[in-house]
Amino acid sequence: MAVKENKSTQKNYDDEDQVIIFKLHDEFFGFDILLITEIIEVVTMNFVPRAPDIVAGAINHHGKIVTIVNLASVFHLPSTEISLHSKIIVIVKNSFSVGFLVDGIKEITSLSQAPEEGRPVVDAETNNQYIENIFLLNNTLCKLVDIESLLPGLKEYFEGITVEH
């Protein structure tokens with residue numbers, strides 16, 4: 001098995017770089033706050049036929065169809081039941097709308113003070129290609145998700161899928 005370290009350039013974070021920290025199962029992840037369009041309560045989702053297992057459903061949000069992705073499934077974590085704490089993080093990029101179902105929102109914080117733990121090792125078995133970096137935030141290990149690498153793969157899944165009424 002060939003293991004390689006992710007060698008892309010390290011980013012220097014300042015007070016302007018904020019992330020939203022959210023929970024999936026018993027782990028914490030983060031998204032760059034600038035890429036998030038909205039955070040909404042979980043609403044009733046419509047079934048999407050022939051969709052991959054990561055798709056929880058689709059919703060009508062402000063007149064647009066938004067596919068809801070169970071982010072725990074993307075990272076091969078056990079899914080938890082939807083609760084009052086569950087949220088949908090909506091991202092719109094180049095007219096592609098997707099919502100990420102998460103177990104809860106922990107906080108919005110700046111990365112400038114977070115000690116960087118380093119980039120994860122990437123190999124075929126650990127499936128870390130969507131993790132940009134790992135930080136220690138308020139004594140909590142947090143994996144920063146690289147939305148820019150995650151979205152193109154998701155867009156390929158959803159092209160041509162229609163919602164049945």
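Two strands count as paired if DSSP finds at least two bridges between them. Strands β5 and β6 pass that test with 6 bridges, and they form a hairpin with 2 residues between them. The model is predicted, with a mean pLDDT of 79 for the protein.

**Confidence**
- Of the residues in the protein, 73% reach a pLDDT of 70 or more.
- Strand β4, residues 38-41, has the highest mean pLDDT among the elements, at 96. Strand β1, residues 4-5, has the lowest, at 38.
- The pLDDT is below 50 over residues 1-10. Beyond near neighbours in sequence, this stretch has 16 contacts in the model.
- Residues 121-125 also have a pLDDT below 50. Here the model shows 13 contacts beyond near neighbours in sequence.

- Strand β5 covers residues 55-61, and strand β6 covers residues 64-70.
- The two strands pair in the antiparallel sense.
- H61 stands opposite K64 of β6.
- H62 lies in the turn and has a positive phi of about 55 degrees.
- Why is β5 described as largely enclosed by the rest of the structure? The reason is that 5 of its 7 residues are buried.

- The whole structure holds 4 aromatic pairs.
- F22 and F29 have ring centres 6.2 Å apart and planes at 20 degrees. Planes under 30 degrees apart count as stacked, so this pair is stacked.
- F22 also pairs with F31, at 4.8 Å centre to centre. The angle between these planes is 50 degrees, and the pair is tilted.
- F22 is buried, with a relative accessible area of 0%. F31 is buried too, at 0%.
- F29 is buried, with a relative accessible area of 2%.
- The cutoff for buried is under 20%, so F29 qualifies at 2%.

**Lysines over rings**
- K143 lies over the face of F29, at 4.9 Å from the ring centre. F29 is also the stacked partner of F22.
- K106 has its charged end over the ring of F28. The distance to the centre of that ring is 5.7 Å.

How values were computed:
Residues numbered from 1 in each chain as written. Predicted model: local features only at pLDDT ≥ 70, side-chain atom pairs only at ≥ 80, totals over all residues. Heavy atoms only, no water. pLDDT = per-residue confidence, 0-100. Helix = DSSP H or I, 4+ residues; strand = E, 2+ residues; numbered from the N terminus. Contact = heavy atoms within 4.5 Å. Buried < 20%, exposed > 50% of the residue type's maximum accessible area, 1.4 Å probe, protein only. Phe/Tyr/Trp six-rings, centres within 6.5 Å; stacked < 30°, edge-to-face > 60°. Lys NZ or Arg CZ within 6 Å of the ring centre and 35° of its normal.
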